[in-house]
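Reader: Could you walk me through this protein, from its overall make-up down to a few single residues?

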Amino acid sequence: MLGFTRATTSASSATTPATGIAATAFHIRIPQLHTIRRTTTNYCLGPQQSSTTSYRVIVHPVKAMAETIATPQSAPNLSTSGRKQALISLSDKTDLAKLGNGLQELGYTIVSTGGTASALEGAGVSVTKVEELTHFPEMVGTPDQCFKGITRTRPGLDGRVKTLHPGIHGGILARRDQEHHMEALEKHEIGTFDVVVVNLYPFYAKVSSSSGISFEDGIENIDIGGPAMIRAAAKNHRDVLVVVDSEDYPDLLEFLHGGNDDQQFRRKLAWKAFQHVASYDSAVSEWLWKQTVGDKFPPSLTVPLSLKDSLRYGENPHQKAAVYVDKSLSEVNAGGIATVIQHHGKEMSYNNYLDADAAWNCVCDFNKPTCVVVKHTNPCGVASRNDIIEAYRLAVKADPVSAFGGIVAFNVEVDEALAKGIREFRSPTDGETRMFYEIVVAPKYTEKGLEVLRGKSKTLRILEASKNNKGKLSLRQIGGGWLAQDSDDSTPEDIQFNVMSDKTPQENELNDAQFAWLCVKHVKSNAIVIAKNNCMLGMGSGQPNRLESLRIAMRKAGDEVKGAALASDAFFPFAWNDAVEEACQSGVSVIAEPGGSIRDKDAVECCNKYGVSLVFTNVRHFRH
C-alpha cells in the first residue's frame, strides 16, 4: 500500500477551536424522561409477524440539533462466562462450512449475523444470532431481501446497524489482563470473543463491474460494521484472533487445536486485517474522488499493492526484490505486464519484468502486425509487416548482436508457423548461431504454437499479456517521494506532422517518418531512430548529447541510411556542423523532430540546402 499526500506551501486556514465546537454541539439542558412502546412489523415475514418493545427515551434539546437515544428498558443477558466464542460475519462465504464445523468441534459457540448465520445453519452448525445476544434487532434486512420490486415505507436502517453494539464491541476490545476491563464486562453482562472472522461487502467488485453501478448503490455497498469489527479485533489481537481471508482458515484451526499461544501468528493476522481494511478504504476513497472531482492528482493518494511473487533478486544479485500487482480501481482489467500469464520457463526476474514491460508497451503502440526486440529496456529492432514471420526476421536483423539474449514481443497471436520461425531462426551475423531469447511475449498463443516454443528451451519464458489501457497514471519513485504524470500515449494519428522545409516529403517518406517517430518514443533519451519501409535500421540511445546518439544510429544503419527517415525525441539545439547537417550529409530523406529550439530556423535552412524534408511534430518524447 502506497500513500501519497500532496505537498503544500501555503499556511493552513484558521479553524474553529475544538473547545468552541464542543460548547456549541453539546450544550445540554435538564433531560426529560419518557417511556414509550413501539410495535414493529417484520415485512420480510408478513404483517402478522410483529413484536412490542419498551424503551426509556432521553431527549436532550441541543442547539441546532436534537438527539434521541433509545435503550431497551430491561438489560440484555449477554453473560457467556466460561464459554469460548467466535464471531463470524461474511460476505464471501468460501469454505464457511469447514470453518464453522471446525470451530464447533473445538468447543466454540458461534455467533453470527443474517446470511452467514443461515448458511452455517444450513451446514449443520449451531449458531447464536447476534440479536439473541444484544436483544436488539438488526434494524431490518436490506431492500433487496425484503422489497424486491416494492416501494413502501418501512422501519429500520436497511441493514446498516447489525453489529454496532457495546455487547459486541465490548466483547472484542476488552483486554483479558486488565481487571477493570473484565469487571466492566461482568457488570454489563457482556461475554468475550476469542475469534473474529469477517470479510467485507464486495465494494471493489461492484464498482468495477463492467455493467456499472449507480452512485447510490455504490454508497450502499460501503461496509461499516465489518471494518469496525476487524479493526477492533486486530487492535486487541493479543486476546482475539482476527481472520479476513478464507485461505487462513486451516492455519487458524491448526493454531487453535495446538493450544499454543504464538503472538507472532496473532500479529500476522492483525497486520493482514489492518491491510485488508486499508485496501478496502483506498478503493472507496478512489471511487468517491472520481465521483466528486475526477482530477487525476488528488491532494492525497493511496495505492493498494498486492504481492504477486518474491523474485530471486533485484537489479543485481545483492538486492532483494518482489513484484506487486496494483489493485487500484483504475487498474481493473487495464492490462500490463504485472498481470501476465506465464506459460513456460524460468521464474521472472526484476530485470525481466522491466524489459518485458518496455517491449510490450512498444509493440502495443503499432496497429500493423509488428515484432519488437528489446535489450536493457531499449528497442533494438522493430518491424511491421503483414507477414509477421518476415517482421520478426527484420526486427532481429536490425541489431542481431543486441537481440541475442533479448526480449521478443509480438502484437499478434503466435501460431505454429511463427513459433517454428522463432525456434529455428539463425543469427544474421553468421547464419549458424541459433538465436537465444530470455522472453517471448504476445497477446495469445495457439496450442501448437506453445508446444513448439516450449521445445526451444526449458528456460525460455513464454508470457501472455493484455494491452495496457490508455490514460493511466504513471508513478515513479524518487528519494523521499513519488512523481506522477499522465502516461505518454501519443501515436502518429494523434498529432500533426507539419512541413517546415521547402521540400515536401513523399507519402512513403512521411510514413517512414511516422514509423521512426513512434519507435523513438520508446528509446531512452537522447534518442535517434533511423527507419525505412516500416523497419528500424538503427537507433542511438541514452547519450548525454544528441550528436553522439545520431552517430550511433547512423553507424548501425550503415548504407541503408540513404533515403531513410530520421526521428529525434527532442529538438536539435544546433544544426550547422552538428547533428542536422551530419544527418543531411548522410543521405536521409526526411527528418522528424518536435521543434522548439531558438535555432529552429537554422535547422530549416540546413535541410533546404541539402534538399531534405523537415517536419515538426510539436510533441516531445523524452524518456529518462
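This is a predicted model: local features need pLDDT of at least 70, side-chain atom pairs count only at pLDDT 80 or more; totals for chains, interfaces and linings use all residues.

Reader: How many helices and strands does the secondary structure come to?

Author: Helices (H or I, at least four residues) and strands (E, at least two) are DSSP runs, numbered from the N terminus. By that count, the protein has 21 helices and 26 strands.

Reader: What percentage of the 624 residues is buried?

Author: Buried means under 20% relative accessible area, exposed over 50%, and partly exposed in between (1.4 Å probe, protein chains only). Of the 624 residues in the protein, the buried ones make up 43%.

Reader: How are the axes of H16 and H17 arranged, parallel or perpendicular?

Author: Axes are lines fitted to C-alpha atoms, for helices over the stretch in contact, and angles run from 0 to 180 degrees between N-to-C directions. Helix H16 (residues 416-424) packs on helix H17 (residues 447-454) at about 15 degrees, with the axes 7 Å apart. Angles under 35 degrees count as roughly parallel, over 145 as roughly antiparallel, 65 to 115 as roughly perpendicular and the rest as oblique. H16 and H17 are therefore roughly parallel.

Reader: Which residues of H17 meet H16?

Author: Contact means heavy atoms within 4.5 Å. From H16 come Glu416, Ala419, Lys420, Ile422 and Arg423, and they meet Lys448, Gly449, Val452 and Leu453 of H17.

Reader: Which residues of H20 make the contact with H19?

Author: The axes of helix H19 (residues 546-557) and helix H20 (residues 579-586) come within 9 Å and cross at roughly 15 degrees. H19 brings Leu547, Leu550, Arg551 and Met554 to the contact, and H20 brings Ala579, Glu582, Ala583 and Ser586.

Reader: Which residues touch the most other members of the largest nonpolar core?

Author: A nonpolar core is a set of buried Ala, Val, Leu, Ile, Met, Phe, Trp, Tyr and Cys residues joined through side-chain atoms within 4.5 Å. The largest one has 44 residues, and the members touching the most others are Ile337, Val441 and Val529.

Reader: And how many residues are in the second, separate core?

Author: Val414, Leu418, Ile462 and Cys535 are among the members of this separate core. Its residues number 30.

Reader: Is Thr491 buried or exposed?

Author: Thr491 is found in the loop between strand E20 (481-486) and strand E21 (498-499). Leaving out residues up to four places away in sequence, Thr491 touches Asp365, Lys470, Trp517 and Leu518. With a relative accessible area of 7%, Thr491 is buried.

Reader: What is the phi of His376 near?

Author: His376 lies in the loop between strand E14 (370-375) and strand E15 (378-384), and at 61% relative accessibility it counts as exposed. The phi of His376 is positive in a residue other than glycine, near 50 degrees.

Reader: What is the relative accessible area of Thr377?

Author: Thr377 lies in the loop between E14 and E15. Thr377 also has a positive phi, about 70 degrees, although it is not a glycine. Thr377 is buried, with a relative accessible area of 16%.

Reader: What is omega near for the peptide bond from Ser525 to Asn526?

Author: Asn526 sits in the loop between helix H18 (507-520) and strand E22 (528-531). The peptide bond from Ser525 to Asn526 is cis, with omega near -10 degrees.

Conventions. Residues are numbered from 1 along each chain as its sequence is written. Side-chain values use heavy atoms; hydrogens and water are left out.
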